[in-house]
Amino acid sequence: MYRWSLFALLFVTCMEVSIQKKTKQGPQTLSRGWGDDITWVQTYDEALMTMTESKKPLMVIHHMEDCPHSQALKKAFAADKAVQELAQEDFVMLNLIHETSDPNLAPDGHYVPRILFVDPSMTVRAELVGKYSNHMFTYKPSDIPHLAKNMKKAKRLLHTEL
């Protein structure tokens with residue numbers, strides 16, 4: 001009887017520790033999992049101000065925490081070293097889980113995931129699109145190389161036009 005009681009106590013203790021580990025989450029960072037080495041801005045207004053001061057283009061990622069498409073893209077984005085490096089060095093980065101009041105950031109609708117580029121002249125670069133005609137600014141995990149090309153184009157456009 002003593003062994004069974006000891007076993008039951010040990011089992012319950014292990015279960016409580018397991019449950020605590022599953023429910024315990026660290027503090028939410030501005031990266032929200034998109035890349036902890038990237039410097040992220042907190043708001044759209046801050047992004048616009050930082051963009052004009054730094055003369056770097058802005059990359060805006062619209063996503064939702066509970067969207068499986070957003071989660072899959074986030075995982076691929078965070079895993080790609082070239083995209084992470086471009087984001088850190090050449091862009092002002094903002095990821096949003098809420099829409100902004102700027103209608104220019106939804107040229108073809110409010111959907112997620114959606115990635116747009118804005119240059120320091122406050123122009124949304126609507127020509128930098130993904131591969132899909134029904135949601136022009138969306139990317140899938142397999143589209144990360146295409147996204148990297150668009151990031152390079154945004155950087156190149158900045159240097160040729162400004």
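Author: Let us begin with pairing. In this predicted model, strand 1 (residues 58–62) pairs with strand 2 in the parallel sense, over five bridges.

Reader: Is strand 2 mostly covered or exposed, and which way do its residues point?

Author: Burial is judged by relative accessible area, with under 20% taken as buried. Strand 2 (residues 92–96) is mostly covered, as five of its five residues are buried. V92, L94 and L96 point one way, whereas M93 and N95 point the other way, and all are buried.

Reader: Which peptide bond is cis, and where is the proline found?

Author: Omega is the angle to read here. From V112 to P113 the peptide bond is cis, with omega near -10°. P113 is found in the loop between strand 2 and strand 3 (114–118).

Reader: Which residues other than glycine have a positive phi?

Author: Two cases may be cited. R32 has phi near 50° and sits in the loop between helix 1 (2–23) and helix 2 (44–54). M122 has a positive phi of about 70°; M122 is found in the loop between strand 3 and helix 5. Its relative accessible area is 44%, so M122 is partly exposed.

Reader: Which residues form the positive surface patch?

Author: The patch is formed by K149, K152, K153 and R156. K149 lies in helix 5 (residues 144–161).

Reader: Why is K149 called exposed?

Author: The cut-off for exposed is over 50%. K149 is called exposed because its relative accessible area is 54%.

Definitions and conventions. Residues are numbered from 1 along each chain as its sequence is written. This is a predicted model: local features need pLDDT of at least 70, side-chain atom pairs count only at pLDDT 80 or more; totals for chains, interfaces and linings use all residues. Side-chain values use heavy atoms; hydrogens and water are left out. Patches are made of residues with over 30% relative accessible area and no salt bridge: like charges are joined within 9 Å, nonpolar side chains (Val, Leu, Ile, Met, Phe, Trp, Tyr) within 5 Å. Accessible areas come from the Shrake-Rupley method with a 1.4 Å probe; for residues, only the protein chains shown count as cover. A salt bridge is a side-chain nitrogen of Lys or Arg within 4 Å of a carboxyl oxygen of Asp or Glu. Lys and Arg count as positive and Asp and Glu as negative; His and the chain ends are not counted. The place of a charge is taken as NZ of Lys, CZ of Arg, CG of Asp or CD of Glu. Helices (H or I, at least four residues) and strands (E, at least two) are DSSP runs, numbered from the N terminus. Buried means under 20% relative accessible area, exposed over 50%, partly exposed in between (1.4 Å probe, protein chains only). Two strands pair if DSSP finds at least two bridges between them.
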